[in-house]
Amino acid sequence: MKKIPITIKAIAEELKVSPSTVSRVLNGQADQYRISKKTAETIQEYAHQQGFVPNQIARGLRLQKTNTIGLIIPDISNPFFAGIARSIEIESRKKGYFLFLFDSREDTGLEKESIALLMSKKVDGLIVSPVGISGTHLLKLKQQHFPLVLIDRYFPEIDLPFIASDNSRGAFEATNYLIEKGHKAIACIQGLPQAISNIQRVQGFKEALEKAGIPFRNEMITGTDFGVENGYTQTKKLLKRTSVPSAIFALGNMISLGVIKAIAEAGLKIPEDISLISFDEQPYSAFLSTPMTTVAQDKESLGKEAVNSLLENLSSQEYLNEKKLIPTRLIERASVKDINLIRK
Ligand code: RIB
């Protein structure tokens, strides 16, 4: 005989608390309503023992809310995006929302498929790091008044809310740092050429060269995507040039891993033989045999701001178009050599 599932009302009577307290705890809103940890744990434990299963669909239909957010990122295996996802999950849960996470694998078709799936799940809003060169499918969501915030990547030509790093400023400061250390022959290994994060980093790189009066030459920039293989193959080519650069600026975390591999295979050392600076701080940056100098993106703030921007959209009548750039931070370690000293 199928056991009749216990109700919120029955749990409340048994534990001598209000049904709203039970509902808030079981909907992950204990923090939001300042319900004590002890009370929340007691309710969770008893509900679990009694086999309570929340009827989210019924709740969703009643409230026209499911307290869920969809997150779509280009590469879940990339520590940068994993860090972003973690920050968004923590902030969402704190605000009583739960996450559906999709990996678009840098593929627009998968991104569109993920959006459709999430809409069918009646998520209350979407946070997307878009992968393509066109955001028209995302603009349609805005035209349907569906809450959406872009994170990390966006489309300047499209009026959609976004939270991203100040990539141009970060790349300018990194390149300026290399120049101050005496480097003029700097090679920039770029990521996905059409991604706005890459476009702005290249722009910052060029601006720093121009400010220092170093002529830009097209061959100073190579690269095809944000992967390890791109860093590896581009560095192998750079090391075969008649004039090898004195420094490499990798525009992404995974790119710099490929750079390190190619330099090691060539029997060269960082920074003795060639200097390296990487966009994106990663957990391993400080622990490499030569601790890496990096441009750190503030993953925590990016995630937090994206969630709060989305939740403001949920509660506002009109579409809020917040567009915010979060500063990056140059973390100086040991991968860049000061060659001014040699020049004297
Ligand atoms: O490694 C992925 C890169 O692309 C990161 O720097 C992030 O900013 C994304 O745009």
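This is a predicted model: local features need pLDDT of at least 70, side-chain atom pairs count only at pLDDT 80 or more; totals for chains, interfaces and linings use all residues.
Local features need pLDDT of at least 70 and side-chain atom pairs count only at pLDDT 80 or more, while totals for chains, interfaces and linings use all residues. Residues are numbered from 1 along each chain as its sequence is written, and side-chain values use heavy atoms, with hydrogens and water left out.

**View 1. The largest nonpolar core has 22 residues.** A nonpolar core is a set of buried Ala, Val, Leu, Ile, Met, Phe, Trp, Tyr and Cys residues joined through side-chain atoms within 4.5 Å, where buried means under 20% relative accessible area (1.4 Å probe, protein chains only). Among the members that touch the most others are Leu-178, Phe-205 and Leu-209.

**View 2. Helices α1 (residues 8-15) and α2 (residues 19-26) pack at an angle of about 115 degrees.** Their axes, which are lines fitted to C-alpha atoms over the stretch in contact, lie 8 Å apart. The two helices are therefore roughly perpendicular (65 to 115 degrees). Ile-8, Ile-11 and Ala-12 in α1 meet residues of α2 including Pro-19 and Leu-26, with contact meaning heavy atoms within 4.5 Å.

**View 3. Helices α5 (residues 79-94) and α12 (residues 299-315) cross at roughly 45 degrees.** Phe-80 and Ile-84 of α5 and Leu-302 and Val-307 of α12 are among the residues making the contact.

Technical notes
Buried means under 20% relative accessible area, exposed over 50%, partly exposed in between (1.4 Å probe, protein chains only). Axes are lines fitted to C-alpha atoms, for helices over the stretch in contact, and angles run from 0 to 180 degrees between N-to-C directions. Helices (H or I, at least four residues) and strands (E, at least two) are DSSP runs, numbered from the N terminus. Angles under 35 degrees count as roughly parallel, over 145 as roughly antiparallel, 65 to 115 as roughly perpendicular and the rest as oblique.
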